[in-house]
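Biologist: I would like to learn how to read a structure like this one, feature by feature. Could you take me through it slowly, with the general idea before each case?

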Amino acid sequence: MDDLFDFINNGETWVESISDDAVVLRQFLSNRSAELSATIKDIEQQAPFRHMKTAGGFTMSAAITGCGDYGWISDRRGYRYSKVDPITEQPWPEMPKLLFDIGQQCALEAGYKDFKPDACLINRYAPKSKMSLHQDKDEKDFTAPIVSVSLGVPATFLFGGAQRSDKTIKVPVSHGDVVVWGGESRLFFHGVSPIKPSYHPFWGDNRINITFRTAG
Ligand code: SIN
Ligand code: FE2
């Protein structure tokens, strides 16, 4: 185990292509756990994780919060970005420089220059939570990529095509992996399979996902 730990934290990273203009930056953030966990805990103090309702009246199994100029909200009126957190009725917490820089750096590694995320969504998945196939299409600017950071227990990320019925590939994502999609695949369907019970020191039996977007 010691050898594996050293290997991962010695900056051993690699890039995998998973679709048109979509890559996984493997292990890019595996040595940033302490600062990331402190930052998320700080955001959570200001804007708690909550389970949103979909327009159809279902409760999402992943809990969500966020920071930045815009937060993503869902209620009986549908999905949209909002400058105000409906729970606190305050603006979302400012996006910490640490997160902005991580989002921008990961985009650059994937070939997207000058990515300026103004929305950072944080999802928390307890065991059995999932995210159904969907497109990220509430953002104003589809030339900007989506940067998606996986932390905590592993998950299976599903990545499909432009149509809901397109075949999906199963992409295992673990702590420190970053998926970036844009260009041809910016509007491709994606989701997360139900989280299997397991443990990771980052957040116990939960998975945390951070996505960076240009929303406004
Ligand atoms: C999302 O599509 O918004 C989240 C993806 C993930 O949790 O990996
Ligand atoms: Fe998404």
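Biologist: How many of the 5 residues of strand β9 (residues 155-159) are buried?

Modeller: Keep in mind throughout that this is a predicted model. A residue counts as buried when its relative accessible area is under 20%, and by that criterion 4 of the 5 residues of β9 are buried, so that the strand is mostly covered.

Biologist: With which strands does β9 pair, and in which sense?

Modeller: Pairing is read from the bridges between strands. β9 pairs in the antiparallel sense with strand β10 (residues 169-173) over 5 bridges, and also in the antiparallel sense with β12, over 3 bridges. Phenylalanine 159 shows both pairings, for its bridge partner in β10 is isoleucine 169, while in β12 phenylalanine 159 stands opposite histidine 190.

Biologist: Which protein atoms are the donors of the iron ion (ligand 2)?

Modeller: For a metal site, one begins with the donor atoms and then turns to the angles among them. The protein donors of the iron ion are His134 (NE2), Asp136 (OD) and His190 (NE2), which lie 2.1 to 2.2 Å from the ion. The site has 4 donor atoms, and the angles among them run from 90 to 175°. Four donors count as tetrahedral only if all angles lie between 85 and 135 degrees, and the site is classed as irregular.

Biologist: How are these donor residues spaced in sequence?

Modeller: The spacing is H-x1-D-x53-H. The pair of histidines links distant parts of the chain, since histidine 134 belongs to strand β7 (residues 131-134) and histidine 190 to strand β12 (residues 190-192), 56 residues apart.

Biologist: Is histidine 190 buried or exposed?

Modeller: Histidine 190 is buried, because its relative accessible area is 4%, whereas histidine 134, at 23% relative accessibility, counts as partly exposed.

Biologist: Which residues are around ligand 1?

Modeller: A ligand's surroundings are read first as a list of residues and then as individual contacts. The residues around ligand 1 are Asn123, Tyr125, His134, Ser148, Phe157, His190, Val192, Arg207, Asn209 and Arg213. Among the individual contacts, a polar side-chain atom of histidine 134 lies 3.1 Å from an oxygen atom of ligand 1, an N or O atom in the side chain of histidine 190 is 3.0 Å from an oxygen atom of the ligand, and for the side chain of arginine 207 the corresponding distance is 2.9 Å. Taken alone, ligand 1 exposes 260 Å², of which the protein buries 97%.

Biologist: Which residues of strand β13 (residues 207-213) are buried on each of its two faces?

Modeller: In a regular strand, side chains alternate between the two faces of the sheet. In β13, Arg207, Asn209, Thr211 and Arg213 are buried on one side, and Ile208, Ile210 and Phe212 on the other, so that 7 of its 7 residues are buried under the 20% cut-off.

Biologist: Which strands run antiparallel to β13?

Modeller: Strand β6 (residues 119-125) is joined to β13 by 7 bridges, with alanine 119 opposite arginine 213. Strand β8 (residues 146-152) is joined to β13 by 6 bridges, with valine 149 opposite isoleucine 210. Serine 150, also found in β8, is buried, with a relative accessible area of 3%, and its side chain makes a polar contact of 2.8 Å with the side chain of arginine 207.

Notes:
Residues numbered from 1 in each chain as written. Chains lettered and ligands numbered in written order. Predicted model: local features only at pLDDT ≥ 70, side-chain atom pairs only at ≥ 80, totals over all residues. Heavy atoms only, no water. Donors = N, O, S within 2.8 Å, 3.2 Å for Na, K, Ca; no water. Tetrahedral: all angles 85-135°; square planar, octahedral: opposite > 155°, others 65-115°. Buried < 20%, exposed > 50% of the residue type's maximum accessible area, 1.4 Å probe, protein only. Near = heavy atom within 4 Å. Polar contact = N/O pair within 3.5 Å; in protein donor to acceptor, adjacent residues only side chain to side chain. Areas by Shrake-Rupley, 256 points an atom, 1.4 Å probe, with all protein chains shown as cover. Pairing = 2+ DSSP bridges.
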